[in-house]
Amino acid sequence: MKKLYWNDGHSKTDPGAVGYVVERKVAVKVGDYAIAHLKANYTVDIKRSTGDIGSLTYICNEANKFGADLFVSVHFNAGGGDGYEALVYSKDNFELGKVFEKHVLSVGQNSRGVKYRPDLGVLRLTNMKAILNEVAFVDNKTDIKDWDEDHELKKMGVALAEAAAEYLNLPKKTIKYKTVVNNLNHRKKASLVSTIMQKIPKDTILNVQSIDKKGWGKVVYKNKTGYVRIKSSTKTYCVKVK
C-alpha cells in the first residue's frame, strides 16, 4: 500500500501568514477535506503532522521514518501576489509539480507555475518526493476571496487529494454489488441513451467505484469501464453485497 505524509503548514502555536484569513486555519481545513476525500475513495496509508511540534526537522524525520512515498505540504502565501505556486526541490520533481498544478487549475485557481526551492526544509530534509503547495495569497483580497469559505476550501482539498492520487497511482476503493436482473446494460456513459457496450448476466458481482445521484454506478467489466443502473426511482438493478 502506498504511503502519503500530509503536512498542514505551520503549527498550533505558529499561525503563519495573517491577512484576510489566517494561514494555519485555512490550511488545516484544506487538509481535512483532502484526507477525507482520499480515505473515502482510495486505498492509501496516510500520516498527518499533528501541528503540536512546529520543527521542520521533526516533521521531516517523522515522514522519513513513516516511509512515505509522497510528502504533501499545504500553505497559503503572502506578499501581495496572486495565484497558486507548486514548490519542489529541483527539476527532477517538475512533473510532480505539474500534476498538482493541473488539478488546481481545474478548480479555477490561476497559477504562478512550478518553482524550484531547494532551500525549503520540507523539500530538503525529506527522503521521498515532496511538494509544498502555496494555495493563494492571504493578503490579496482578489486572490483569497475565492478560497476563504468552507465549500471553496473543500474544492481545493479535493483537487490536491486527486493530484496526490494521480501521482501515486492510487487504487480506487470499490463497493461490491450483485446484479439482480438479467442482461443489465453496461453503457459507455451514465445515460439511458448512451451506447450499450455489453450485457451483464444476473448474479454477477461488480466492483462499483462510485454511484452518482441518479443511481448510475461506475464499473469495470471485462476490461471495459462504463456505467450500469444500480437503482432508479421504481426499480433496483443491483444490491450491495454484505
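**Close-up views of a predicted model**

**View 1. Contacts of S49.** Beyond its neighbours within four places in sequence, S49 is in contact with Y5, W6, N7, D8 and E62. The coordinates come from a predicted model. S49 is located in the loop that runs between β2 (45-48) and α2 (56-66).

View 2. The relative accessible area of S49 is 8%. Because buried means under 20% relative accessible area, S49 counts as buried. V104 is 55 residues from S49 in sequence, and the C-alpha to C-alpha separation of the two is 22 Å.

**View 3. The aromatic pair of the model.** The count of aromatic pairs comes to 1. The pair consists of Y5 and F71 and is stacked, with the ring centres 5.3 Å apart and 10° between the planes. Y5 belongs to strand β1 (residues 3-8) and F71 to strand β3 (residues 70-77), so the pair ties together parts that are 66 residues apart in sequence. Both Y5 and F71 are buried.

**View 4. A charge over a ring at F66.** K3 places its charged end over the ring of F66. The distance from the charged end of K3 to the centre of the F66 ring is 5.0 Å.

Terms used. Residues are numbered from 1 along each chain as its sequence is written. This is a predicted model: local features need pLDDT of at least 70, side-chain atom pairs count only at pLDDT 80 or more; totals for chains, interfaces and linings use all residues. Side-chain values use heavy atoms; hydrogens and water are left out. Helices (H or I, at least four residues) and strands (E, at least two) are DSSP runs, numbered from the N terminus. Buried means under 20% relative accessible area, exposed over 50%, partly exposed in between (1.4 Å probe, protein chains only). Contact means heavy atoms within 4.5 Å. Rings of Phe, Tyr and Trp (its six-membered ring) pair if their centres lie within 6.5 Å; planes under 30 degrees apart count as stacked, over 60 as edge-to-face and the rest as tilted. A charge sits over a ring if NZ of Lys or CZ of Arg is within 6 Å of the ring centre and within 35 degrees of the ring normal.
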